[in-house]
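Here is a short report on one protein chain. Look at the fold as a whole, then follow the helices and a few residues.

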Amino acid sequence: MLVGLIIACEVGFWVLLAGGLALRYLAGMPRLGAALLLVEPLLELVLLVASFVDLKNGGEPSWRHGVAALYIGYTVGYGHYTVKWLDGHAAHRFAGGPKPPGSPYGKARAVHEWKLWVRTLAAAAVAYGLLQAGIWYIGAGADTAQLEACQGIALKAVGIQALIAATYTIWPRKAPAGTADQDAPLAETKR
């Protein structure tokens, strides 16, 4: 049951996101679209409650509960960012809005990657905390190895994102020759 609910929440996230953006930009109903986007956090609340109810009713702690916690953590860390990013691209594509800013090169890209690391840290902290709450809730007599393994996954995600951010800091990606990003430093040195 819990796996089905996790899948339903994931599908529901994308359906609500697509529906909200379609209402905002294709149907010209920005308030209704925004209201639909604000409903999305309720999915995570339902998933959290279902996960704890399953444990309370004697459900064996498993990877399903871990995935539910990781999913909720991701939503806390990246949910708003994902919605905002897609909203900016939809506004550009369908409503003539400005092109969303990007930071594909140099120091700006490194800063962007470190900001993503902070989001990953927040996601991992939420997931880790929910998993720890589940471990405490179950008690010392139950097998919590699966939940502890999912805590390890959350910590590994933080480490991997830190490694990615560090590589962009140590070896910044250079803009291709002839692009605006490439020409900017040259213009400053000619002064």
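Helices here are DSSP runs (H or I) of at least four residues, strands are E runs of at least two, and both are numbered from the N terminus. By that count, the chain has 7 helices and 0 strands. Read along the sequence, the pattern is α-α-α-α-α-α-α. The model is a predicted one.

## Overall shape

Along the principal axes, the C-alpha atoms fill a box of roughly 70 × 45 × 20 Å.

Buried residues make up 33% of the 191 residues.

## The nonpolar core

The largest nonpolar core has 22 residues. Which of them touch the most other members? They are L17 and L47.

L17 has contacts with residues beyond its sequence neighbours. Leaving aside those within four places, L17 is in contact with L37, V83 and L86.

Two packed helices are described by the angle between their axes and the distance between the axes. The table sets out both pairs.

| Pair | Axis distance | Angle | Crossing |
|---|---|---|---|
| α4 and α5 | 8 Å | about 145° | right-handed |
| α4 and α6 | within 8 Å | roughly 35° | right-handed |

Start with α4 and α5, whose axes lie 8 Å apart at about 145°. On the α4 side, the contact is made by H65, G66, A69, L70, I72, G73, Y74, V76, G77, Y78 and Y81. On the α5 side, the residues are H112, L116, R119, T120, A123, V126, A127, L130 and L131. By class, this contact has 13 nonpolar, 6 polar and 1 charged residues.

Turn to α4 and α6, which cross at roughly 35°. Here α4 contributes W63, H65, G66, V67, L70 and Y78. Helix α6 contributes Q146, L147, C150, I153, A154 and Q161. What classes do these residues fall into? They divide into 8 nonpolar, 4 polar and no charged.

V67 lies in helix α4. V67 and A125 are 58 residues apart in sequence, with their C-alpha atoms 14 Å apart in space.

V158 sits in helix α6. Its relative accessible area is 12%, which is under the 20% cut-off, so V158 is buried. Setting aside neighbours within four places, V158 is in contact with W117, T120, L121 and A124. From V158 to A127 the separation is 31 residues in sequence and 12 Å in space, C-alpha to C-alpha.

How values were computed
Residues are numbered from 1 along each chain as its sequence is written. This is a predicted model: local features need pLDDT of at least 70, side-chain atom pairs count only at pLDDT 80 or more; totals for chains, interfaces and linings use all residues. Side-chain values use heavy atoms; hydrogens and water are left out. A nonpolar core is a set of buried Ala, Val, Leu, Ile, Met, Phe, Trp, Tyr and Cys residues joined through side-chain atoms within 4.5 Å. Buried means under 20% relative accessible area, exposed over 50%, partly exposed in between (1.4 Å probe, protein chains only). Contact means heavy atoms within 4.5 Å. Axes are lines fitted to C-alpha atoms, for helices over the stretch in contact, and angles run from 0 to 180 degrees between N-to-C directions. A crossing is left-handed if the near helix is turned anticlockwise from the far one by less than a right angle, and right-handed if clockwise. Ala, Val, Leu, Ile, Met, Phe, Trp, Tyr, Cys and Pro count as nonpolar, Asp, Glu, Lys and Arg as charged, and the others, Gly among them, as polar.
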